[in-house]
Amino acid sequence: MIKFEKVYKRYDDKAVVSDFTLDIKEGEFFVLIGPSGSGKTTTLKMINQLIDLSEGYIRIQGKPISDFDLQELRWNIGYVLQQIALFPNMTVEENILIVPEMKKWTKEDMENRVVELLESVNMDPDKYRHRHISELSGGEQQRIGVIRALTADPDIILMDEPFSALDPITRNNLQKDVLKLQQKLKKTVVFVTHDMQEAISLGDRICLMNNGKIEQVGTADEILKNPANDFVRQFLQTGLPHYQEKKIVQHLIEENYYSTEDIVTTGIISASDPVNDLIILLSKQDAVHVETSNKHAKIIITKNNLLDFLASEAASSKEVEA
Ligand code: ADP
């Protein structure tokens, strides 16, 4: 749907987006995440040509964006920003109908669309359509920002930190609204955030950027289970205070916390099982046999092995805290 092929953006020879290759699928909720200055907004704005790319291609449905009529391209891509770009002195209805007015829709079509859109985010049309934007709360304004981006029924919606200025409860409600809308309308959404929790709750896939480059692309689950490198691991640990990399029994074996002696065991565990399962097993018996792909290897983990491993973990997490 939206394909980046070796895209670069340079300012005075300094690349702020480099060698960016990515295929965003139709109907996907795609999140760009990364620290401030990592190139997320630049990447997003290159899609609707608010920023020109320096090198490479971006294609929408196979067609390079430079081949689109610019106005047509912008009209067919919804855009929602953190700084709400609504006109404060105009009413809700007037704000929603800016593009339809330009496109010369009939009065009846415009009327129906305003009602339909307000109802889709649980805002009573009779109550809200004639209110001025300045009379709405921040959350209500951002709801209007979201539905205004949907007015002309675009296939693609770009969202740049749309909820980051809102309080946590309003933010959470809007996230839910947007997810519901996307599931119903099946739009392709590209969403920029620096908040890992938000990325996980919204994204079908997440692209983690750093210094204009892609560090990892995948589902939340793939990234959490298999961080591609130290940067990703660090980003997860900082961004998700409760995130703990899931340790599996394999770690103990790799770090030599096992025995090969002839010890009688009753329990059996797989190398890919979580350490928690091992703890439960070893609370009831003295040793377990680890099943590995090598049938001849006899690997046993004893209670003492486990205790030594846990002690070293506890010591190293103390070092990190200090
Ligand atoms: P993010 O959205 O991840 O915070 P941006 O895409 O806004 O990052 O910015 C990426 C980098 O590009 C930053 O280092 C920023 O300073 C730089 N940058 C953005 N716009 C310009 C510009 N017009 N001229 C020079 N550098 C810019």
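A residue counts as near a molecule or strand if one of its heavy atoms lies within 4 Å of it.

Before that, the ground rules. This is a predicted model, where local features need pLDDT of at least 70 and side-chain atom pairs count only at pLDDT 80 or more, while totals for chains, interfaces and linings use all residues. Residues are numbered from 1 along each chain as its sequence is written, and side-chain values use heavy atoms, with hydrogens and water left out.

So, which residues surround the ligand? They are Y11, V16, P35, S36, G37, S38, G39, K40, T41 and T42. By class, that shell has three nonpolar, six polar and one charged residues. Here Ala, Val, Leu, Ile, Met, Phe, Trp, Tyr, Cys and Pro count as nonpolar, Asp, Glu, Lys and Arg as charged, and the others, Gly among them, as polar. Helix 1, residues 40-47, gives the largest share of the shell, three residues. Helices (H or I, at least four residues) and strands (E, at least two) are DSSP runs, numbered from the N terminus.

Now the polar contacts, meaning pairs of N or O atoms within 3.5 Å; within protein, one must be able to donate a hydrogen and the other to accept it, and residues adjacent in sequence count only if both atoms are side-chain atoms. A backbone N or O atom of S38 is 3.0 Å from an oxygen atom of the ligand. For G39, a polar backbone atom also lies 3.0 Å from a ligand oxygen. K40 uses its side chain: a polar atom there is 2.9 Å from an oxygen atom of the ligand. On its own the ligand has 560 Å² of accessible area, and the protein covers 57% of that. Those areas come from the Shrake-Rupley method with a 1.4 Å probe; for residues, only the protein chains shown count as cover.

Next, the sheets. Two strands pair if DSSP finds at least two bridges between them. Six strands form an open sheet in the order 6-7-8-3-9-10, with mixed pairing. Why do strand 6 (77-81) and strand 10 (213-218) stand at the edges? Each has a single partner strand, so one side of each is left without a neighbour in the sheet. The twist averages 15 degrees from one strand to the next. Angles run from 0 to 180 degrees between N-to-C directions, and axes are lines fitted to C-alpha atoms, for helices over the stretch in contact.

Inside this sheet, strand 7 (156-160) and strand 8 (188-193) are parallel, over five bridges; I157 has V189 in strand 8 as its bridge partner. Helix 7 (138-150) lies across strand 6 and strand 7, at about 165 degrees to strand 6. Contact here means heavy atoms within 4.5 Å. Helix 11 (230-239) lies across strand 3 (29-33), strand 9 (205-210) and strand 10, at about 110 degrees to strand 9.

Strand 1 (2-11) pairs with strand 4 (55-60) in the antiparallel sense over five bridges, and I2 is bridged to I60. Strand 4 is also antiparallel to strand 5 (63-64), over two bridges. In that hairpin, with two residues between the strands, Q61 takes a positive phi near 50 degrees.

Last, three strands form an open sheet in the order 11-12-13, again with mixed pairing. Strand 12 (287-291) and strand 13 pair in the antiparallel sense over four bridges, with V290 bridged to I299 in strand 13.
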